[in-house]
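User: I am new to reading protein models. Could you walk me through this one, feature by feature?

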Amino acid sequence: MSLEEQRECIKAFQSSIRKSENALANMIFPSLESMYVKSAAGSPQRTLLARRIKAFQLAIQAMEDHSI
């Protein structure tokens, strides 16, 4: 994979992270917002999104470390 391809992958992951963070903060759809409000801290919904964000962050870090 070329350095340019790695950079494009990193940009794609960063975009996904931002979108996931925004979805978590805003809960775009009313039904999701309602579910979020009703869910307790540590619920599967919150946990799943938090894990996805962390996975993307770790993937970006690994790609950055590998490309240096």
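User: Where is confidence lowest in the chain, and where is it highest?

Analyst: This model is predicted, so begin with confidence. Helix α2, residues 30–38, has the lowest confidence, with a mean of 61. Helix α1 has the highest, at 82. For the chain, the mean pLDDT is 75. A value of 70 or more is reached by 72% of its residues.

User: What percentage of the residues count as buried?

Analyst: The chain has 68 residues, and 16% of them count as buried. The chain exposes about 5200 Å². Carbon and sulfur atoms supply 60% of that area.

User: How do I read a salt bridge?

Analyst: Start with charge. Side chains of opposite charge can pair when their charged atoms come close. Now the case here. The structure holds 1 salt bridge. K11 forms this salt bridge with E8. Their closest N and O atoms are 3.8 Å apart. The cut-off is 4 Å, so the pair counts.

User: Where do K11 and E8 lie?

Analyst: Both lie in helix α1, which covers residues 3–26. They are 3 residues apart, about one turn of the helix.

User: Why does E8 count as partly exposed?

Analyst: Check its relative accessibility. Buried means under 20%, and exposed means over 50%. E8 has 40%, so E8 counts as partly exposed.

User: Which share of the contacts joins residues 24 or more positions apart?

Analyst: Count the contacts in the chain with a separation of 6 or more. Residues 24 or more positions apart account for 72% of them.

User: How far apart in space are R7 and E64?

Analyst: Compare sequence with space. R7 and E64 are 57 residues apart in sequence. In space, C-alpha to C-alpha, they are 8.4 Å apart. R7 lies in helix α1. R7 counts as partly exposed because its relative accessibility is 45%.

User: What separates the C-alpha atoms of A12 and F56?

Analyst: The two residues are 44 residues apart along the chain. Their C-alpha atoms are separated by 9.8 Å. A12 has its place in helix α1. With 43% relative accessibility, A12 counts as partly exposed.

Definitions and conventions: Residues numbered from 1 in each chain as written. Predicted model: local features only at pLDDT ≥ 70, side-chain atom pairs only at ≥ 80, totals over all residues. Heavy atoms only, no water. Salt bridge = Lys/Arg side-chain N within 4 Å of Asp/Glu carboxyl O. Helix = DSSP H or I, 4+ residues; strand = E, 2+ residues; numbered from the N terminus. Buried < 20%, exposed > 50% of the residue type's maximum accessible area, 1.4 Å probe, protein only. Contact = heavy atoms within 4.5 Å. Areas by Shrake-Rupley, 256 points an atom, 1.4 Å probe, with all protein chains shown as cover. pLDDT = per-residue confidence, 0-100.
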